[in-house]
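Here is a set of questions and answers for a reader new to this structure. Please look at the sequence and the model first.

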Amino acid sequence: MSDAKLEPTPSQTVGPFFGYALPFPGGADLAPAGHPDTVTVHGFVYDGEGRPVPDAILDFWQAGPDGSRTGAPGSLRVDASSGELLGRDGVRFTGFGRVGTDGDGHWALRTLAPAPDAPYIAVCVFARGLLHHLYTRIYLPGAEDALLAALTPERRATLLAEQDGAAYRFDIRIQGSEAEETVFLDFA
Amino acid sequence: MTTQQEIDAEIARYAERLAPGGHPDRDYPPYRSSILRHPRQPLTVVTDPEAVERYGPVFGAGDVTELDADLTRQHSGEPIGERITVSGRVTDRAGRPVRNQLVEIWQANAAGRYVHRREQHPAPLDPNFTGAGRALTDDEGTYRFTTVKPGPYPWGNHVNAWRPAHIHFSLFGTAFTQRLVTQMYFPGDPLFAFDPIFQAVTDPAAQQRLIATYRHDLSVSEFSLGYRFDIVLDGPGATHFEADHEEDHR
């Protein structure tokens, strides 16, 4: 392998105007249509004053229920005649989802619970005002792994979705105190 | 309200603050919207090679058609503006091509207006231009778009704030860790010095990596001017991908 290290292209904010370009139909519906094991995860994105962020967009990426980490194509699917995006076919589990927050700063994702050996949904957070994206993870109740074990109970709690009726609630706090701010990850 | 002179002074004050890889520090007050939208707690380092983030989403031929990369042919008529071709290679930091991956772009029209309801800049919309495109990289990691050159536009950061002309890029690598959203700028733009988003990249060498190069060999006779924008993705690559790659070179 070459030792040559190219310098990376720097990040820039996603800005406020991604709404007609990045979201795609069915971006929130990772679970195959009508799948009986579908779980709904939802929440708000908040800024440092606790105000909802209506111009964030979240990319989701996760292992399949069988532990597969390789994903599958077919999240977008273009209709060859009209050129319109169709979104996924409702059968294949692609592992990839994308949801923009609404006017209330709220988002919702319908997916299948990831396998126990990779028990989290990876999230990449973009927003106007955020100059470089942030990674976090959603863990459903009962999940355990090395990352959770290494965190203090206070910090760990920010990565744990909570039962909320028939769904799970997971809020993302971009800025706050140690107890409030979501744990964000660095893979460098 | 804040003046350009005050923003200039803040930009100068932060110019010496360098972040790793030339990326912007998320805490960059001259860009006002960053103040409440950056973390205060340190990030948690994850080194697990089997982390799901060391793998990534995949896209296929059914997800993107060739026409999606031509922003001048999405409507019944031709958009107004200077037609351009933007092409480049997507690689990782070792120079390996990122193959068959999704590149998404979005931009303002030639008058500096986005097709977005929250955009209040009183420049004309163009009925023949939406400004969003997609492409898949080929085996060399190359992508190519045809579009029109976007215009600069005013925004609300401070009085008389103007964004330099730019095209937004969204990129995927071989792993989710290499995700990148950035903006491509045009050479010689007089607005660079005044723009706190561009200046949030404080290292002058890193700033250059955001600016496309005019390339006459990419210009198409009687049709479009050519710009080259190569993209190097940061972050660790896919564990499985590196293993495959080493096998290729045995």
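Helices (H or I, at least four residues) and strands (E, at least two) are DSSP runs, numbered from the N terminus, and two strands pair if DSSP finds at least two bridges between them. This is a predicted model: local features need pLDDT of at least 70, side-chain atom pairs count only at pLDDT 80 or more, and totals for chains, interfaces and linings use all residues. Residues are numbered from 1 along each chain as its sequence is written, while chains are lettered from A and ligands numbered from 1 in the order in which they are written.

Q: In what order do the four strands of the open sheet in chain B stand?
A: The pairing in this sheet is antiparallel. The edge strands, which pair on one side only, are S4 (132-136) and S9 (180-185) of chain B. The order is S4-S3-S8-S9.

Q: How much does this sheet twist from one strand to the next, on average?
A: Axes are lines fitted to C-alpha atoms, for helices over the stretch in contact, and angles run from 0 to 180 degrees between N-to-C directions. The average twist is 25°.

Q: Which residue in S8(B) stands opposite B:Gln107?
A: Strand S3 (residues 102-107) and strand S8 (residues 166-171) of chain B are antiparallel partners, with five bridges. Across from B:Gln107 stands B:Ile167.

Q: What is the radius of gyration of chain B?
A: Chain B contains four helices and twelve strands. The radius is taken over C-alpha atoms, and the globule rule is 2.2 Å times the number of residues to the power 0.38. For 250 residues the rule gives 18 Å, close to the value of chain B, so the chain is as compact as a globular protein of that length. The radius of gyration is 19 Å.

Q: What percentage of the residues of chain B count as buried?
A: A residue is buried if 20 or more other C-beta atoms lie within 10 Å of its own, exposed if 12 or fewer, and partly exposed in between, with C-beta atoms placed from the backbone. Chain B has 250 residues. The buried share is 45%.

Q: Is A:Glu162 buried, exposed or partly exposed?
A: A:Glu162 belongs to strand S7 (residues 162-164) of chain A. Within 10 Å there are 13 other C-beta atoms, so A:Glu162 is partly exposed.

Q: How many of the six residues of strand S6 (residues 134-139) of chain A are buried?
A: In a regular strand the side chains alternate between the two faces of the sheet. On one side of S6(A), A:Leu134, A:Thr136 and A:Ile138 are buried, and on the other A:Tyr135, A:Arg137 and A:Tyr139 are too. The strand is therefore largely enclosed by the rest of the structure, and the count is six.

Q: Which residue takes a positive phi in the hairpin of S5(A) and S6(A)?
A: Strand S5 (residues 120-127) of chain A and S6(A) run antiparallel and share six bridges. A:Tyr120 faces A:Tyr139 in this pair. Six residues lie between the strands, and the one with a phi near 90° is A:Gly129.

Q: Which residues does A:Pro119 touch, beyond four places away in sequence?
A: A:Pro119 sits in the loop between strand S4 (106-111) and S5 of chain A. It is buried, because 20 other C-beta atoms lie within 10 Å. Two residues are in contact if their C-beta atoms, placed from the backbone, lie within 7 Å. The residues touched are A:Pro114, A:Tyr139, A:Ala143 and A:Asp145.

Q: Which element gives the largest share of the side of chain A that touches chain B?
A: Across the interface, 68 residues of chain A are in contact with 69 residues of chain B. Elements giving two or more residues on the chain A side include strand S2 (56-62) and helix H1 (146-150). The largest share, five residues, comes from S5(A).

Q: Which residue in S1(B) stands opposite A:Asp186?
A: S10(A) and strand S1 (residues 44-45) of chain B run parallel, joined by two bridges. Opposite A:Asp186 is B:Val45.
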